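Please look over the model below. My notes follow as numbered points.

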Amino acid sequence: MSADLPPTLDETPEAAPPRRWLAVVLVATAALLLLSGGALLVLARLGQVAVASPLRPVTASASGEDEKILARRAAAAKTLERLRPRGVYIVVDSYRNRLRLYRDGELLRTAVCSTGTGVVLRDPRNGRQWVFDTPLGERVVERKVKNPVWAKPDWAFIEEGMLPPTDPNERFDPNSLGDYALYIGDGYIIHGTLFKTLLGRRVTHGCIRLGDEDLEFVYRHTPIGSRVFLY
Amino acid sequence: MRTWNLSTGILRSVAACFCTSLAAAALAAPGDPPAQPLATELEARLAGSPSIYLVVDVVRRVVDIKARAVLLDRIVLHGVEVVAHRPFFSPRHAATLELPTVWTVTNGPGDTDREIIAPPVLRPYSSGDDEEEKEPVPATPTPRPTGPQPTPTPVPEPPVSYRARMDSGWDLLVTDALPPQGLVARFAAAVRDGWRRLRGEAPPPPPALALAMAREDAQRLHHLARSGMKILLVAAP
């Protein structure tokens, strides 16, 4: 008869946890949480956090429209106007690999180009280094050459794992620079390429490579002395 | 005799400086504060050199890439804020910055983030003509690319969040997302920083002018953040 009835707590004391143990577990958990929380608070108190605050600019320059200020502003604007390039100039975006040709501020042509990788090459013999950057800033077209010949510098051999040749004649390469070259100083050239599929990417050693048609257009429309802005 | 001449020269120089100072003082009205440079004047100075410079307008929220006063490119900012490391339990307040001013990059990622390649050994140069002779001549000869080959190392993608140290003691923080300012995120960051301090790691960086912009724009500015780059900060009305 008793087998048909559900067992009561009094009959099976081992089925439920003793209240004493339950209390110990609860207290231990609470203590652990308190300790952890306290430790976190202490760490947070020790540490600092990057707080972004709105910027409130304080204008230091004299404002207002009195004559002195207007005269100074006009003089500075005149200086800026005098510094602006006249005629034809080239702008090279070395991140997006775009070359733009302007005449008096009017865009004549946009071309896909290739620019420097930014990689550093180290000579294993002596630690000498070359940085394959397209330079930043303003340069000038110093000379223009049709059917240019490339005199390969030391890095061109070292990069391929070879010692630079002792015979200077082995440095000349008439095929690599394309049909035209515009020299912009310090060995940097705007020239053609055999690697046309790589146009639009940063793959060069600092020079600016163009496709054939774009190179011819730039060559024909850019006089010597034109400014080149590279950024 | 020579001594007398030298002394006379020095006396003349001192007198000239004194007179110039007097003239300048006479031109300026008494009690006038020293003239602060205008933004246009500062830009005229920067445009006098052949270098690229940036103009950050914190009110219009744009970064202009310029040279010789020519606008080469423009980047639109999502936000301009000052990021400073402060104790977690301190109140937030707006930071002030006196403008216009010119900062110069003293150390930026454009100086340091470089891939370095070096062949382990160099073999004697050979033009490759001998090898060509052994090869069979193809029916339609194709131009062999001998010239400036692409560098063998692929260019790593620039980061989207980085700092450049300025001569003003500030940093310029270029980022595609400002640090999270929620309570939980800030608390977690403070705990992490506290743990770093306990372990004796580097102290937090100096305060930074944070320029938040699109991901690609942050990458575009990366190579420009080089030593010597001038940044003109203005607040256009």
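Which residue in E9(B) stands opposite B:Thr175? B:Ala212 does.

1. Conventions. This is a predicted model, in which local features need pLDDT of at least 70 and side-chain atom pairs count only at pLDDT 80 or more, while totals for chains, interfaces and linings use all residues. Residues are numbered from 1 along each chain as its sequence is written, and chains are lettered from A and ligands numbered from 1 in the order in which they are written. Helices (H or I, at least four residues) and strands (E, at least two) are DSSP runs, numbered from the N terminus.

2. Strand E8 of chain B. E8(B) covers residues 171-175, and five of the five are buried, so this strand is largely enclosed by the rest of the structure. Buried here means 20 or more other C-beta atoms within 10 Å of the residue's own; 12 or fewer is exposed, anything in between is partly exposed, and C-beta atoms are placed from the backbone. B:Asp171, B:Leu173 and B:Thr175 point one way from E8(B). B:Leu172 and B:Val174 point the other way.

3. Partners of E8(B). Two strands pair if DSSP finds at least two bridges between them. E8(B) pairs with strand E9 (residues 208-213) of chain B in the parallel sense, over five bridges. With strand E7 (residues 162-166) of chain B the sense is antiparallel, over four bridges. B:Tyr162 has B:Val174 as its bridge partner in E8(B). E7(B) and E8(B) make a hairpin with four residues between them. In that turn, B:Gly169 has a positive phi of about 95°.

4. Nonpolar core. A nonpolar core is a set of buried Ala, Val, Leu, Ile, Met, Phe, Trp, Tyr and Cys residues joined through C-beta atoms within 7 Å. The largest one has 91 residues. Those with the most contacts inside this core include B:Val83, B:Leu172 and B:Ala210 from chain B, and A:Leu182 and A:Ile189 from chain A. Contact means that the C-beta atoms of two residues, placed from the backbone, lie within 7 Å. Not counting residues up to four places away in sequence, B:Ala210 touches A:Ala52, and its other contacts include B:Val83, B:Leu173 and B:Thr175.

5. Strand pairing between chains. A:Ala52 has B:Val83 as its bridge partner in E3(B). Strand E1 (residues 48-59) of chain A pairs with E3(B) in the antiparallel sense over seven bridges. There is also an open sheet of three strands, in the order E6(A)-E5(A)-E6(B), with mixed pairing. Its edge strands are E6 (129-131) of chain A and E6 of chain B, each pairing on one side only. Strand E5 (residues 120-122) of chain A pairs with E6(A) in the antiparallel sense over three bridges. There, A:Arg122 has A:Gln129 as its bridge partner.

6. Helix packing between chains. Helix H1 (residues 19-46) of chain A packs on helix H5 (residues 183-198) of chain B at about 80°, with the axes 7 Å apart. Axes are lines fitted to C-alpha atoms, for helices over the stretch in contact, and angles run from 0 to 180 degrees between N-to-C directions. H1(A) and H5(B) are therefore roughly perpendicular. The cut-offs are 65 to 115 degrees for roughly perpendicular, under 35 for roughly parallel and over 145 for roughly antiparallel, with the rest oblique. Among the residues that meet are A:Leu40 and A:Leu43 in H1(A), and B:Phe187 and B:Trp195 in H5(B).

7. Interface totals. The contact between the chains takes 84 residues from chain B and 70 from chain A. The side of chain B that touches chain A has 53 nonpolar, 15 polar and 16 charged residues. Ala, Val, Leu, Ile, Met, Phe, Trp, Tyr, Cys and Pro count as nonpolar, Asp, Glu, Lys and Arg as charged, and the others, Gly among them, as polar.

8. Backbone geometry to check. Most residues other than glycine have a negative phi, and most peptide bonds are trans. A:Asn97 has a phi near 55°, and is buried with 22 C-beta neighbours inside 10 Å. B:Arg68 has a positive phi of about 50°. B:Arg68 lies in the loop between E2 and E3 of chain B, and is buried, with 23 other C-beta atoms within 10 Å. The peptide bond from B:Leu99 to B:Pro100 is cis, with omega near 0°.
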